[in-house]
Amino acid sequence: MASPSVFTACESAGNSSEEINWDEIGFGIIPTDSMYLMKCPTEEDTFSDGSLVPYGNLELTPSAGILNYGQGVFEGLKANRTEDGRILLFRPEENGRRMKTGADRMCMPSPSVEQFVNAVKQTVLANKRWVPPLGKGSLYIRPLLMGTGSVLGLTPAPEYTLLVYATPVKTYHKGPLNLVIKDKLYRAISGSGGTGRIKSVVNYSPAYKALKEARAEGFSDILYLDAATGKFIEELSSCNVFLVKGNAISTPTAEGNILPGITRKSIIEIAIDLGYEVMERAISVEELMEADEVFCTGTAVGVNPVLSITYNNTRAEYKAGAEAVSQKLCQTLVGIQTGQVEDARAWTLQIE
Ligand SMILES: *Cc1c(COP(=O)(O)O)cnc(C)c1O
């Protein structure tokens, strides 16, 4: 597919001859101006000072750990513009901490949380013209930590690189999701000691086959069950799941193979503030099918209502729309992220 044309010529622009047409951005990669690189050299475990370079292709040795054995972890976060044009990051230090946990599991050194946040800030500042105005979208930031040293044997790479790049994304209104649960289909990295709880690059492409099948059958995503018993729900391919029953909101405990989402964690606190009873616990499929409402959370989707879940030819339908609990939670979260709702917990970091 050809990349979307997002530029329109603008005669009167000052130092830039191009103006961005915000209504034409989608959810694909639009090349931006700069990216940030920081290396941890051979036999050391601390990252040296990084630098901004023009956005572009990387040069890698064919025997890089990331290419051959998937030694890598990534993060995802967004920068949003406020109504008066300031730029806010949302809990970036949480992403830095999570990258560190993932790096430990993958036998990689990681930048300090401070280095991580600084790298993200630098990347956003260098690409600030790509942060959409309020209501038009966000700048999605993708930090990627990878083994860039050369390895042939099965061993951690001798050199690591943190790369941070960014691309503008539209406000994501997917509409309510239709999910499917399939017996004997687990997120491929399940099992004790697996990597399901970290954002390792090795976790995602194994899901493509099942996702492709589910999408061909008209579903939006798969809701995975735990591999040990096949009775309890875990999460979707890249977001966490919640259910609402009366005044109670429940979500599976973020342990085992469940990725500890930062949106998940924030929604739990927001829901408590709004007066709901929130529980982190094991949730069976049967219970899920009886819920009033189901929604999922993640940086990319925000808070997204689920319309239906199909399991063994039974289809359960849920409440969505303006009156839904998920809608209230979503408005509060987005309000904090864009400076429209008071940020009592200092979750946002203003960088301009
Ligand atoms: C990234 C991710 C999430 C959501 O995490 P956020 O921090 O909320 O973006 C949930 N599940 C999986 C498998 C993920 O990769």
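1. A residue is called buried under 20% relative accessible area, exposed over 50% and partly exposed in between, with a 1.4 Å probe and protein chains only. By this definition Cys-107 is exposed, with a relative accessible area of 52%. The model discussed here is predicted: local features need pLDDT of at least 70, side-chain atom pairs count only at pLDDT 80 or more, and totals for chains, interfaces and linings use all residues. Residues are numbered from 1 along each chain as its sequence is written, and side-chain values use heavy atoms, with hydrogens and water left out.

2. Overall architecture. The protein chain has seven helices and 18 strands; these are DSSP runs numbered from the N terminus, helices being H or I with at least four residues and strands E with at least two. Of the 352 residues, 51% count as buried.

3. The largest nonpolar core. A nonpolar core is a set of buried Ala, Val, Leu, Ile, Met, Phe, Trp, Tyr and Cys residues joined through side-chain atoms within 4.5 Å. The largest one has 35 residues, of which Leu-89, Val-124, Ile-141, Leu-145 and Leu-162 touch the most other members. Among the elements that give two or more residues to this core are helix H2 (92–105), helix H3 (113–126) and strand E8 (138–147). H3 supplies the largest share, five residues. Apart from this core lies another, of 23 residues, including Ile-181 and Met-289.

4. Surroundings of Leu-145. Contact means heavy atoms within 4.5 Å. Leaving aside neighbours within four places in sequence, Leu-145 is in contact with residues including Phe-47, Val-73, Met-99, Ala-103 and Leu-162.

5. Aromatic pairs. Rings of Phe, Tyr and Trp (its six-membered ring) pair if their centres lie within 6.5 Å; planes under 30 degrees apart count as stacked, over 60 as edge-to-face and the rest as tilted. The structure holds four such pairs. In one of them, the rings of Phe-90 and Trp-347 have centres 5.7 Å apart and planes at 80°, so this pair is edge-to-face. Phe-90 belongs to strand E7 (residues 87–90) and Trp-347 to the loop between helix H7 (325–337) and strand E18 (348–350), so that the pair links distant parts of the chain, 257 residues apart. Phe-90 is buried at 10% relative accessibility, and Trp-347 is buried at 5%.

6. A stacked pair. The ring centres of Phe-242 and Phe-295 are 5.0 Å apart and the planes lie at 5°, so the pair is stacked. Phe-242 is in strand E12 (residues 240–245) and Phe-295 in strand E15 (residues 293–298); the pair therefore ties together parts 53 residues apart in sequence. Phe-242 is buried, with a relative accessible area of 2%, and Phe-295 is buried at 0%.

7. Backbone points to inspect. Cys-107 has a positive phi of about 55° although it is not a glycine, and its place is in the loop between H2 and H3. Asn-313, also not a glycine, has a positive phi of about 65°. Asn-313 lies in the loop between strand E16 (302–311) and strand E17 (314–317) and is exposed, with a relative accessible area of 81%.
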